[in-house]
Amino acid sequence: MKVIRMYMNNRLRNFNYVIGCEQSRQAIALDPLDGVAVIQAAEAEGWEIKLIINTHEHHDHIEGNPAVQAATGAPIWASEHAVGKIPNVARGLVANEVIELGSMRFKVLPTPGHTPVHVCLLTLSEPVPILFSGDTLFNACAGNCFNGGDVDQMFDTFERQLAPLPDETILYPGHDYMKTNLDFALTWEPGNKTTQFWQEQISEHQPDEMPYMTLGQERLYNPFLRLQSPELLQKIKDKGEDASNKRAMFKALRHSRDHW
Ligand SMILES: [Zn+2]
């Protein structure tokens with residue numbers, strides 16, 4: 001399997017992914033925004049796009065569907081709950097079902113929160129698991145819950161679906177927000193040396209050069225994965241927010257982030 005990550009250079013800073021099986025040369029277009037760019041990327045690899053998959057219904061994750069479908073005939077798959085919300089979904093994906101294409105296998109994780117229909121894809125076929133997290137988990141942040149989302153559902157998703165994943169899992173998020181998210185993380189844990197380190201490391205990086213982080217690394221600086229941190233707990237209390245349990249802390253973090 002090979003993954004092409006494409007930065008869309010738009011205001012929302014989307015990443016598009018083309019995920020190809022190098023043996024069968026079959027590929028998946030994940031959350032296409034610029035359909036033409038996605039088609040060209042697949043052609044450059046000699047891949048045939050066989051599937052279009054959308055993590056959720058927001059326009060910046062589906063806008064390229066028609067162009068990719070017109071050029072390739074690939075069907076659109078998304079959560080069973082996205083049928084009717086995303087045009088022309090041919091198959092509604094069920095929680096925990098396994099998608100196979102060529103030698104690639106992905107588990108469908110139900111991850112409501114950013115929107116009720118959101119799914120993430122977790123590879124089962126790779127030596128090290130890869131998580132395509134859409135707008136659920138970003139580098140150093142969680143997705144927002146103010147455009148049809150629900151922060152309680154997001155917390156449950158983090159507890160049930162993300163917490164069990166192993167540290168070596170590599171994160172492929174739907175947007176490049178790492179720089180501003182690290183700034184955000186530092187407002188909550190100013191003394192976190194790992195956050196400081198990565199902020200320094202990527203300060204000169206262009207979006208295309210952003211590192212691929214593991215969940216183990218995220219767990220060292222992403223405040224939404226660090227609800228056990230004493231510094232974070234104290235900071236939430238200092239701001240007069242409810243820090244009596246992890247759900248309350250998660251909500252305080254999410255409410256403090258007015259965008260992304
Ligand atoms: Zn979204």
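This is a predicted model: local features need pLDDT of at least 70, side-chain atom pairs count only at pLDDT 80 or more; totals for chains, interfaces and linings use all residues.
Donors of a metal are taken as N, O and S atoms within 2.8 Å of it (3.2 Å for Na, K and Ca), and since water is not among the atoms, sites may look incomplete. Four donors count as tetrahedral if all angles lie between 85 and 135 degrees; four count as square planar and six as octahedral if opposite donors are over 155 degrees apart and all others between 65 and 115, and anything else is irregular. Residues are numbered from 1 along each chain as its sequence is written, and side-chain values use heavy atoms, with hydrogens and water left out.

The zinc ion has as its protein donors His56 (NE2), His58 (ND1), His114 (NE2) and Asp135 (OD), at 2.2 to 2.3 Å. The angles among the four donor atoms run from 85 to 171°, and the site is accordingly classed as irregular. For reference, ideal angles at a metal are 109.5 degrees for four tetrahedral donors. Along the sequence, the donor residues follow the spacing H-x1-H-x55-H-x20-D. His114 belongs to the loop between β8 (104-110) and β9 (119-123), and Asp135 to the loop between β10 and β11 (137-138), so the pair ties together parts that are 21 residues apart in sequence. Strands (E, at least two residues) and helices (H or I, at least four) are DSSP runs, numbered from the N terminus. His114 and Asp135 are both buried, a term that denotes under 20% relative accessible area, with exposed meaning over 50% and partly exposed in between (1.4 Å probe, protein chains only).

His118 is also placed in the loop between β8 and β9, and is buried at 1% relative accessibility. The side chain of His118 reaches the backbone nitrogen of Asp135 at 3.0 Å. A further polar contact, of 3.1 Å, joins the side chains of His118 and Thr136. Such a contact is a pair of N or O atoms within 3.5 Å; within protein, one must be able to donate a hydrogen and the other to accept it, and residues adjacent in sequence count only if both atoms are side-chain atoms.

Aromatic pairs were assigned to rings of Phe, Tyr and Trp (its six-membered ring) with centres within 6.5 Å; planes under 30 degrees apart count as stacked, over 60 as edge-to-face and the rest as tilted. By this rule there are 14 aromatic pairs. One of them joins Tyr17 and Phe132 edge-to-face, with 5.6 Å between centres and 70° between the planes. Tyr17 is part of strand β2 (residues 15-20) and Phe132 of strand β10 (residues 130-134), so this pair ties together parts that are 115 residues apart in sequence. Tyr17 is buried, with a relative accessible area of 3%, and Phe132 is buried at 1%. The pair of Phe155 and Phe250 is likewise edge-to-face, because the ring centres are 5.5 Å apart and the planes stand at 70°. Here helix α4 (residues 151-162) contributes Phe155 and helix α9 (residues 246-256) contributes Phe250, so parts that are 95 residues apart in sequence are tied together. Both Phe155 and Phe250 are buried.

Ring pairs also link Tyr7, Phe15, Tyr17, Phe106, Phe132, Tyr172 and Tyr212 into a cluster. The charged end of Arg5 sits over the ring of Tyr212, 4.2 Å from its centre, and Lys239 lies over the face of Trp188 at 4.1 Å from the ring centre. The criterion requires NZ of Lys or CZ of Arg within 6 Å of the ring centre and within 35 degrees of the ring normal.

No disulfides (pairs of cysteine sulfur atoms within 2.5 Å) are found in a search of the whole structure. For Cys120, the nearest cysteine sulfur is that of Cys145, 13 Å away. Cys120 is buried, with a relative accessible area of 0%, and Cys21 is buried at 1%.

Most residues other than glycine have a negative phi. Arg25, in the loop between β2 and β3 (26-30), has a positive phi near 60° and is partly exposed, with a relative accessible area of 37%. Asp31 has a positive phi of about 55°; this residue is in the loop between β3 and α1 (35-45) and is buried, with a relative accessible area of 5%.
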